[in-house]
Amino acid sequence: MAVAARLRSAGARLIRPAALAGGGERRWLGTAAAEAVAESGAARWEPMGAREYYDYRRAIYGDITHKAILVDAAGTLLAPTEPMAQVYRTIGEKYGVKYSEDEILMRYRRAYAQPWGRSRLRYVDDGRPFWQHIVSSSTGCSDLQYFEELYHYYTTAKAWQLCDPDAKYVFEALRKAGVKTAVVSNFDTRLRPLLQALNCDHWFDAVAVSAEVAAEKPNPTIFLKACEFLGVKPEEAVHIGDDRRNDLWGARDAGCDAWLWGSDVYSFKEVAERIGVKV
């Protein structure tokens, strides 16, 4: 009920009043929901700049202190140690995979971009049906033993590394300063054991995994759930992620602040400093 109420509240604030826009024309806030309206052709929209966006937030919330940091997993907190196509081909050679790495990457992107028709979520529970489809589509190999070897590999610390080598010290400083932290990720149920394997699970007060909360970014529900887990209001949280649609716009749809990894911020130390925590 609380999440549903937050969704209605966030949706009600989505379209910026003309008075705030400084003219008669409405502006797009840079959110996933607003983009959908723009693409419908219902009105003429244009992207809102960073300064305008923060003026808009200030007009609604006043000067809000960030009390929580939400972090995307793959691409922001974590990165593969080796290119996906290289891993698929190397492990797949003994199972008869013949495609080159370029071919595997092309087929992977094509398969991943297609709607997943077996459920409304890609990652249900352990995500095996979805990932079996992706692996067989990418490599042309449906050998179950091959799939299980790949699937298990991506649950190990060998497959992943931290994007920011100083992340440990930053998250320790954040928690010491009383800032709450959570991972918010489109992932299957392997995420929690993976964070444990990388010895970084204790950095976070909560983990909101799409497979567990039944909502995938950019759906604002997953961000609202994370805030609920942390006991903060959405406007008191800032989300850090590398995907403009899923992370930046999805978080803003929920009422959170959001910074794009690799564009707005480049390290977790920079994130901490922007909210007033020295590392």
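Guide: Accessible areas come from the Shrake-Rupley method with a 1.4 Å probe, and for residues only the protein chains shown count as cover. By that method the protein chain has about 13,600 Å² of accessible surface, 50% of it from carbon and sulfur atoms. This is a predicted model, where local features need pLDDT of at least 70, side-chain atom pairs count only at pLDDT 80 or more, and totals for chains, interfaces and linings use all residues. Residues are numbered from 1 along each chain as its sequence is written, and side-chain values use heavy atoms, with hydrogens and water left out.

Visitor: What makes a residue buried, and what percentage of the 279 residues is buried?
Guide: Buried means under 20% relative accessible area (exposed is over 50%, partly exposed in between; 1.4 Å probe, protein chains only). In the protein chain, 47% of the 279 residues are buried.

Visitor: How many helices and strands are there?
Guide: The protein chain has 14 helices and 7 strands. Helices (H or I, at least four residues) and strands (E, at least two) are DSSP runs, numbered from the N terminus.

Visitor: How do you know that β4 and β5 pair?
Guide: Two strands pair if DSSP finds at least two bridges between them. Strand β4 (residues 180-185) and β5 share 4 bridges, in the parallel sense, so they meet the definition. Ala208 in β5 is the bridge partner of Val184.

Visitor: Which strand order does the open sheet have?
Guide: Its 5 strands run β5-β4-β1-β6-β7, with parallel pairing.

Visitor: Why are β5 and β7 called edge strands?
Guide: β5 (206-209) and β7 (257-260) each pair on one side only.
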